[in-house]
Amino acid sequence: MARMIPPRIHPEVQSSAERRVFDWIRDAAGTDDWICLHSLGLSEHESKRRAEIDFLLLTRIGIFVLEVKGGRVARENGVWKFTNRFGKTTTKGEGPFDQASSAMFCIEKRIRRHLASGDRRQQRLLYGFGIVTPDTPFADLLGAEADRRQLYDRESIKVDRQSIRSFIEQLAEYWR
């Protein structure tokens, strides 16, 4: 079981998708050496005054940012549409891959700044990001901006019975 920080999901988290992913990560077999930070605020971001990472995974194979989108996800004419379980739709110009990518680069920059410039650990650190859409088959929305291996969607869960651990291993292979 992964070490979760905080150890329990905050009661005010309304996203049932985030709640499920929290449980999947916490309960995944073979993840005793993982540390997972949920809902990590970023005080420094390239384009936002404040940003948030849904899940930041620190593992022996890499550091991974996971962006979770529950409900229905769609893209029309370059605009992303997110519809929650109550039927409320919000729109954004920034998609989940852009969101996760920018957060990953912020984390990488901060860690590199923290380590001394000649520190060999910098060369060995693997950074990556992925998207989790447990309610939506997302592959048709990928386009040129992402690769299927960066995605853990409803089809990954249903068809392959792929565990979240397998997904993270797949992400590591992709980013390597």
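Reader: How many disulfides does the count come to?
Author: The count comes to 0 disulfides, a disulfide being a pair of cysteine sulfur atoms within 2.5 Å. This is a predicted model, where local features need pLDDT of at least 70 and side-chain atom pairs count only at pLDDT 80 or more, while totals for chains, interfaces and linings use all residues. Residues are numbered from 1 along each chain as its sequence is written, and side-chain values use heavy atoms, with hydrogens and water left out.

Reader: Cysteines, then. Is C36 buried or exposed?
Author: C36 is buried, at a relative accessible area of 0%. Buried means under 20% relative accessible area, exposed over 50%, and partly exposed in between, with a 1.4 Å probe and protein chains only.

Reader: And C106, buried or exposed?
Author: C106 counts as buried too, with 8% relative accessibility.

Reader: On to the sheets. What is the strand order in the open sheet of 6 strands?
Author: The order is β1-β2-β3-β4-β8-β9, and the pairing is mixed. Strands here are DSSP runs of E of at least two residues, helices are runs of H or I of at least four residues, and both are numbered from the N terminus. Two strands pair if DSSP finds at least two bridges between them.

Reader: Which strands stand at the edges there?
Author: β1 (3-5) and β9 (151-153) do; each has a single partner strand, so one side of each is left without a neighbour in the sheet. From one strand to the next, the twist averages 25°. Axes are lines fitted to C-alpha atoms, for helices over the stretch in contact, and angles run from 0 to 180 degrees between N-to-C directions.

Reader: How many bridges join β3 to β4?
Author: There are 4 bridges between β3 (residues 51-58) and β4 (residues 63-68), and the two strands run antiparallel. L57 has F64 in β4 as its bridge partner.

Reader: Which strands does helix α1 lie across?
Author: Helix α1 (residues 16-27) lies across β1, β2 (35-42), β3, β4, β8 (127-133) and β9, at about 20° to β3. Helix α2 (residues 96-114) also packs on the sheet and touches β2, β3, β4 and β8, with its direction at about 150° to that of β8. Contact means heavy atoms within 4.5 Å.

Reader: Where is D27 found?
Author: D27 is in helix α1 and counts as partly exposed at 41% relative accessibility. D27 and M1 are 26 residues apart in sequence, with 5.1 Å between their C-alpha atoms.

Reader: What about D153, buried or exposed?
Author: D153 is buried, with a relative accessible area of 0%, and is found in strand β9. The side chains of D153 and R148 make a polar contact of 3.0 Å. That term means a pair of N or O atoms within 3.5 Å; within protein, one must be able to donate a hydrogen and the other to accept it, and residues adjacent in sequence count only if both atoms are side-chain atoms.

Reader: Which order do the 3 strands of the antiparallel open sheet take?
Author: They run β5-β6-β7. β5 and β7 (89-92) are the edge strands, each pairing on one side only. The twist averages 25° from one strand to the next.

Reader: How many bridges join β5 to β6?
Author: 5 bridges join β5 to β6 (residues 79-83), and these strands run antiparallel. V73 stands opposite F82 in β6.

Reader: What does R72 touch?
Author: Leaving out residues up to four places away in sequence, R72 touches K81, F82, T83 and T136. R72 lies in strand β5 (residues 72-76) and is exposed, with a relative accessible area of 55%. R72 and F82 are 10 residues apart in sequence and 5.8 Å apart in space, C-alpha to C-alpha.
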